[in-house]
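Reader: I am new to this structure and would like a close look at one part of it. Please take a single residue, say where it sits and what surrounds it, and then go on to other places worth a look.

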Amino acid sequence: MPDKNRDLAHILRICVRAGIGQVESNQGRGLFDPHGNTLGRILGPRLDGSMPGTAVITDTDGGRFDGDHQFDRAVGPVQFIPSTWAVLGRDGNDDSVADPNNIYDGALAAATLLCDQGGSMGDPAARTRAVLAYNNSLAYVANVNAWAHGYAVNAWFLWRVHLISAATP
């Protein structure tokens with residue numbers, strides 16, 4: 001018999017990552033090659049402090065990921081700053097390259113960041129703590145949670161249909 005709480009927590013983990021992808025890049029605008037690489041760069045604003053609410057982050061990657069040799073920019077469909085990618089970057093599609101412009105690599109790195117905060121995504125306090133670690137803004141948390149909720153409502157329905165279908169002889 002399926003464990004409803006475990007299943008819901010699993011769906012929420014996936015949906016929170018999907019919410020982050022939606023908020024950060026509109027799911028990469030859906031432009032990926034068959035291996036999950038973005039078609040064209042997805043870059044956040046230059047982190048030179050000129051936009052209200054943005055930090056000043058001088059270049060940490062020599063322009064390798066963001067093409068900027070003076071200041072960093074968030075990169076890829078889940079928008080990792082190069083210095084964060086240097087620590088959390090993962091190879092999610094087994095091509096031996098951890099690339100922030102690859103949706104599989106980015107999703108695995110995002111999961112690593114979220115899970116490193118501890119607790120279940122089914123626990124609102126733990127989920128808030130995890131998303132704040134991703135972007136320290138309560139407005140951001142609310143936006144991600146709204147998208148995650150929308151995805152979860154639909155995913156939970158589909159998951160239940162799958163479980164019922166699997167149990168039916």
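Author: Ser96 is exposed, with a relative accessible area of 72%. The model is a predicted one. Ser96 belongs to the loop between α2 and α3, the latter covering 103–115. Its phi is positive, about 70°, although Ser96 is not a glycine.

A positive phi also occurs at Gln27, again a residue other than glycine, with a value near 55°. Gln27 lies in the loop between α1 and α2. Its relative accessibility is 28%, so Gln27 counts as partly exposed: the cut-offs for that class are 20% and 50%.

The loop between α1 (4–25) and α2 (82–88) also holds Thr38. Thr38 has a relative accessibility of 11% and therefore counts as buried, because buried means under 20%. A polar atom of the Thr38 side chain lies 2.9 Å from the backbone oxygen of Gly40. Leaving aside residues up to four places away in sequence, Thr38 touches Leu31, Phe32, Pro77 and Asn101.

The aromatic rings are a separate topic. One aromatic cluster is formed by Phe80, Trp85, Tyr134 and Tyr140. The count of aromatic pairs comes to 4, where two rings pair if their centres lie within 6.5 Å.

Conventions
Residues are numbered from 1 along each chain as its sequence is written. This is a predicted model: local features need pLDDT of at least 70, side-chain atom pairs count only at pLDDT 80 or more; totals for chains, interfaces and linings use all residues. Side-chain values use heavy atoms; hydrogens and water are left out. Helices (H or I, at least four residues) and strands (E, at least two) are DSSP runs, numbered from the N terminus. Buried means under 20% relative accessible area, exposed over 50%, partly exposed in between (1.4 Å probe, protein chains only). A polar contact is a pair of N or O atoms within 3.5 Å; within protein, one must be able to donate a hydrogen and the other to accept it, and residues adjacent in sequence count only if both atoms are side-chain atoms. Contact means heavy atoms within 4.5 Å. Rings of Phe, Tyr and Trp (its six-membered ring) pair if their centres lie within 6.5 Å; planes under 30 degrees apart count as stacked, over 60 as edge-to-face and the rest as tilted.
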